[in-house]
Amino acid sequence: MNRIKPLLGHRLFWPVAVLAVMLVANTIYRPGFLSIEVNNGHLYGTPIDILRLSAPLILVALGMTLVISTGGIDLSVGSICAISGAVACLYISKAPDQNSFGMVLTALAMALGVALVLGAWNGVLVSVIGIQPIIATLILMVAGRGLAQLITEGQIITINSGPYRAIGLGHFLTLPLAIFIALGAALLVAAFTRRTALGMIIESVGGNREASRLAGIRSGRVVFLVYVVSAACAAIAGFMMTANVSSADGNAAGLWVELDAILAVVIGGTSLAGGRFYLSGTILGALIIQTLTTTVYAMNISPQTALLFKAVVVIAVCLVQAPAFRARFSRRRRGTPPPPAPSPQRQKEEVPA
Amino acid sequence: MSTTSLTTGPSWAKVPRRHVPVLATLALLLVMYGIGVSQYRAFSNVQVVFNVFIDNGFLLVVAVGMTFVILTGGIDLSVGSVVAMTAMVSAWLLQSGLPALLVLVVALLIGPTLGFLMGCAIHFFDIQPFIVTLAGMFFARGMCTFISNASIPITDGFWTTMSQYRIGDPRGNFVSVSVLVAFAVVLVAAYVLAYTRLGRNVYAIGGNPQSALLMGLPVGRTRIAVYTISGLCSAIGGILLSFYTLSGAPLIGVGMELDVIAAVVIGGTVLTGGSGYVFGTVLGVLVLGVIQTLITFDGSLNSWWTKIVIGGLLFAFILLQRLIGIRYK
């Protein structure tokens, strides 16, 4: 028991356990689930597919992790995905040679620029004007869909561009390129937050913004920065989503990705109250969500009914992570008084996310 | 956060601060209506106003429920899905031949039950309302498609009567039954919030849950109650929607929660809780309805302008609340 206990208490234990259970269940249901084969020098198989499809979610969730760790939330990422994808596809569709590499780079830079402006807008609303994050980003979530449709003029822009398509479907070193992009972004964020003081500064701002400011941290600037980073991540995810289907749909691109991203972050153990963040947990959370989606597809259940399963997983993961639930559970099991409730956090958690 | 005016002197000259957002919404509504009347001759027809109510009756009911939740400082993302689920379940049960009254009762029970469960999860396990109601949203939406992937038509006599019954004056202007139901819900909700113990508790918890607890107010019971109320309102909204469309469609009301939240915020309710009125929510819903009517009348503007305008209005009203110094956490 003594050896298992620290393992059970590890923050990544439950996410890993859930992922493992899902993989095992899949393998039992369909023995070929985990098999990977080499075809044309590329690796193919369900695990690779899960990794490739989860890449956009991982990107969005990375940005979301930073935002949530400052005690905020970014609902606008789905709209930013749609806008950046729409801008890039519009530029490419107007170009004389859609396969020109330089032109695609210009398109990406332009779309990224637009996304950064939108992220800065969110950042200013939250850090300078001081609007509650959920409502500040709700503005762009609602209006952004309209903007994306305005850019595409309500149409679906289809493009035929090799370099752009590669962002979503290309291969590199036998693996899909998207995996490397997501991995690169994750490593970059991890390096900046965990190898420098930035991560600790972000956590301290999330813990108490005013106290951090008095301690000499430019809290406003940090909060501003996380929204810009989140928008940049969302933009790259938007490129992947549109590249996957070689078309930009202002209405459907990135729809509900913000909810999935928030879920991934919460499953990964980051509290919505802010003050702590776990990048590895977030990536695991994104993988869990994508595995769940793939599982449900593989079982021939309609995507909408998949939401039912998602609801069950969300509630289950949240319950096992909720301190109040754990306290009740352990009290019943061992007959000992529960550990003291986390009272300093309590008031914070009652604030709506 | 009491409704009695704390200001002294001539009451008409000094508007209490917390009334400013509602008055601003009212002014905006009048200006928009004025623009409509001055631009389009048919706009001054009374039926245009009635149509706004007919088209948004269900939204109004749902928004009233959301007002309760937001006043306590929570949020309910599940409303759109619960509306769809209620419509879907009633269409499905009617199709399988159950009597209309029984279906009505069953359909009206589902929403509050889900709301009650979500409230319990939020209160007893200390999970954020955002996450719990998100799971509720997924669950309800999943149930819709679990029942059927396609839209189910409703042919029941009671439903079609309700849908087609017109209450009007001799000149031909009319409202539907849904509008009356919506008004009834609004009046009951306004009464509960302003004059009952439950209503006072809602404001107190929204103001400061810790203080409310120390004052001995039943925080847990109230919190569970508001999610149940929101579920009930969504269920009523779902029934009204099924009167309106005479069908249950699995994908109806997607994104409705955003419209509802926007309406509540435009109506002057502060998202951190403790300040706002049902009357403001009514105005907020009307603003959304008039925007849609204006865009329909214009004809050259596309539907996406609705979203952009709503976003812009959200921004303007939040800025306004900020400027007049209503408390933000």
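The pLDDT is the predictor's confidence in each residue, from 0 to 100. The model described here is predicted: local features need pLDDT of at least 70, side-chain atom pairs count only at pLDDT 80 or more, and totals for chains, interfaces and linings use all residues. Residues are numbered from 1 along each chain as its sequence is written, while chains are lettered from A and ligands numbered from 1 in the order in which they are written.

Chain A has a mean pLDDT of 84, with 90% of its residues at 70 or more. Over residues 336-353 of chain A, pLDDT stays under 50, and the model has 31 contacts beyond four places in sequence for this stretch. Two residues are in contact if their C-beta atoms, placed from the backbone, lie within 7 Å.

In chain B, 13 helices and 4 strands are found; helices (H or I, at least four residues) and strands (E, at least two) are DSSP runs, numbered from the N terminus. The C-alpha trace of chain B spans about 60 × 55 × 35 Å along its principal axes.

The contact between the chains takes 44 residues from chain B and 41 residues from chain A. On the side of chain B that touches chain A, the largest share, 12 residues, comes from α5(B). That side divides into 28 nonpolar, 11 polar and 5 charged residues; Ala, Val, Leu, Ile, Met, Phe, Trp, Tyr, Cys and Pro count as nonpolar, Asp, Glu, Lys and Arg as charged, and the others, Gly among them, as polar. Leaving aside neighbours within four places in sequence, Leu314(B) is in contact with Leu138(A), Ile139(A), Val142(A), Ala262(B), Val265(B) and Ile266(B).
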